[in-house]
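Trainee: Could you take a close look at one part of this model with me?

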Amino acid sequence: TIGGAHGSTDDSIVIAAGAGVFIYEDANNYAKVNSDGLTVHEGGADVAVFAATSVIGSSTDKITISDSGLTLRENNVDTITIASSVVTVGSSTDKVTINGTSGITIRENNVDTIQMVDGTITLQTGTSAHEKLVMSDASIAMFTANAKVVDITDGKINLGPAANAGATLGAVVGNIHLASSG
C-alpha cells in the first residue's frame, strides 16, 4: 500500500498479488488494473471497463466496443449499432439501417417505408407493400392494391390497371398509353 496504512482504501495505491493494482480515492471511487483490463469504479458502480470488450457508462446508458462492433445504449435500449459493415440507428420498430451491400432502409412503425437499393428507391405506405412508389433508372411506377396503375418508362406513360409503359402494342383495354415516336 502506498499513501496509507496497509490495505487502506482512502487516497492510496494498493498492489495486491494476483488481484491487480488499485488506485483509490475511497472504497467507492477507484481504478483497478488487472489481467482483465482497466476498470473505473465511481460511486460504488463500474462506470468504465477497458479490455477486449470495453464499456463506458452504466448498464442502461453505455457505449460498448468489442471486436464484433460498437453499440450505444440509452434508457436500456440499443439505439445505435455498428457491426459487420451495417449501421443501425433506432429501435427495432423505428430505425434507419445503412448496409453496404443491401442499401438503406427506413423503418417506421415496424414497416420498411423507404428503401434505397442499387439505385432504386421504394416508398410504401401502411403495413403491406401493396401501396408503393418505385423509382429507378428511367422508370417510375405506382402500385395500389398490389397492381401497377402508373408506369413511366423511357418517355412512355401508361395509366390504368396493369399499366405497362414498355408494351409495344400500346395500352390495354381500360388504360391510357402515351408514347413518343421520336
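Trainee: Which residues does S54 touch, not counting residues up to four places away in sequence?

Mentor: A word on the ground rules before the answer. This is a predicted model, where local features need pLDDT of at least 70, side-chain atom pairs count only at pLDDT 80 or more, and totals for chains, interfaces and linings use all residues. Residues are numbered from 1 along each chain as its sequence is written, and side-chain values use heavy atoms, with hydrogens and water left out.

Now your residue: S54 touches V49, I63, T64 and I65 once residues up to four places away in sequence are left out, with contact meaning heavy atoms within 4.5 Å. S54 sits in strand 6, residues 54-57; strands here are DSSP runs of E, at least two residues, numbered from the N terminus. With a relative accessible area of 14%, S54 is buried (buried is under 20%, exposed over 50%, partly exposed in between, using a 1.4 Å probe and protein chains only). Its side chain also reaches the backbone oxygen of A51 at 3.0 Å.

K148 is partly exposed at 26% relative accessible area. Skip its neighbours within four places in sequence and K148 is in contact with A141, M142, F143, G160, P161, A162 and A163. From A52, K148 is 96 residues away in sequence and 53 Å away in space, C-alpha to C-alpha.

Most residues other than glycine have a negative phi. N75, though not a glycine, has a positive phi of about 50 degrees, and N109 has a positive one near 60 degrees. N75 belongs to the loop between strand 8 (69-74) and strand 9 (77-83), while N109 belongs to the loop between strand 12 (103-108) and strand 13 (111-117). N75 counts as exposed at 58% relative accessibility, and N109 counts as exposed at 56%.

Last stop, strand 2: I23 is located there and is partly exposed at 46% relative accessible area.

How values were computed
Helices (H or I, at least four residues) and strands (E, at least two) are DSSP runs, numbered from the N terminus. A polar contact is a pair of N or O atoms within 3.5 Å; within protein, one must be able to donate a hydrogen and the other to accept it, and residues adjacent in sequence count only if both atoms are side-chain atoms.
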